[in-house]
Amino acid sequence: MRFTKKTHACVRLEKDGRALVVDPGGFSEEDAAVGADAILVTHEHPDHFSEARLRTAMEINPAAEIWTLKSVAEKISAAFPGRVHTVGHGDTFTAAGFDVQVHGELHAVIHPDIPRITNVGYLVDGGRVFHPGDALTVPDHPVETLMLPVMAPWNKISEVIEYVREVKPQRAYDIHDALLTDLARPIYDNQIGALGGAEHLRLAPGQSTAL
């Protein structure tokens, strides 16, 4: 499996000549979803869900499909009949040759006065990769590579460290990092790496590695 980091929360996974893209949102590259055979969206916030990016990818590849929760599916399904699939916690499916399990139900708390929306995470190929979206969901399955949301309005570094400890992945790659400045990165790298209990790694947008 090949993993390519896109800007912010978007990642691209490739295997056997097919591509799976997760969360091509408004903070990610305009072509973040182009070339995808399947697209997964964790929730409706614009840094994870961009209707324009999804439409571009779906129009370029008439065989591409989307899997997402109801709140997102309602916004895009009418434009692509039969190609947008609604999923929720506990569901399993195959997308672009990847086996996917759905974990989680709610977005993390941003503030008690802000209503929580739905959010799902995606466990790919039996735990080789887990993308939690905007929640610190711990799947009931071992995880090899955790896509780790390091900087958000809803988290702090102690919670990020405890999340790595709970999931116990072999390695954790930073995502959800568009708000993290270069000045602060060494602090996060050092503390998560030293305290999380897993190998902590970071790719710049556009960089790839084999998993």
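**Close-up views of a predicted model**

**View 1. A lysine is placed over an aromatic ring.** Lys15 lies over the face of Phe98, and the distance to the ring centre is 4.7 Å. This view, like those that follow, is taken from a predicted model.

**View 2. Trp67 and Phe93 form a stacked aromatic pair.** The structure holds three aromatic pairs. A pair of aromatic rings is described by the distance of the centres and the angle of the planes. For Trp67 and Phe93, the ring centres are 5.2 Å apart and the planes stand at 0°, so the pair is stacked. The two residues come from distant parts of the chain: Trp67 belongs to strand 5 (residues 65-68) and Phe93 to strand 7 (residues 92-95), 26 residues apart. Trp67 has a relative accessible area of 8% and is buried. Phe93, at 13% relative accessibility, also counts as buried because the limit for a buried residue is under 20%.

View 3. Together, Trp67, Phe93 and Tyr122 make up one aromatic cluster.

**View 4. Strand 5 pairs with strand 4 and with strand 6.** Strand 4 (residues 38-41) and strand 5 are parallel and are joined by four bridges. Within this pairing, Leu40 stands opposite Trp67 of strand 5. From strand 4, the chain passes through helix 1 (residues 51-60) to strand 5, in a β-α-β crossover that is right-handed. Strand 5 also runs parallel to strand 6 (residues 84-86), to which three bridges join it. Here Thr68 has Thr86 in strand 6 as its bridge partner. A right-handed β-α-β unit is made by strand 5, helix 2 (residues 70-76) and strand 6.

**View 5. Helix 3 has its buried residues along one face.** In helix 3 (residues 157-167), the residues Ile157, Val160, Ile161, Tyr163, Val164 and Val167 are buried. Viewed down the helix axis, the buried residues of helix 3 fall within an arc of 155°, so they line one face. An α-helix has 3.6 residues a turn, so residues three or four places apart point the same way. The buried residues of helix 3 pack against strand 10 (129-131), strand 11 (145-149) and helix 4 (185-195). Just after helix 3, Lys168 adopts a positive phi of about 60°.

Methods
Residues are numbered from 1 along each chain as its sequence is written. This is a predicted model: local features need pLDDT of at least 70, side-chain atom pairs count only at pLDDT 80 or more; totals for chains, interfaces and linings use all residues. Side-chain values use heavy atoms; hydrogens and water are left out. Rings of Phe, Tyr and Trp (its six-membered ring) pair if their centres lie within 6.5 Å; planes under 30 degrees apart count as stacked, over 60 as edge-to-face and the rest as tilted. Buried means under 20% relative accessible area, exposed over 50%, partly exposed in between (1.4 Å probe, protein chains only). A charge sits over a ring if NZ of Lys or CZ of Arg is within 6 Å of the ring centre and within 35 degrees of the ring normal. The arc is that of the directions from the helix axis to the C-beta atoms. Contact means heavy atoms within 4.5 Å. Two strands pair if DSSP finds at least two bridges between them. A crossover is right-handed if, with the strands pointing away from the viewer, the path from the first strand over the helix to the second runs clockwise.
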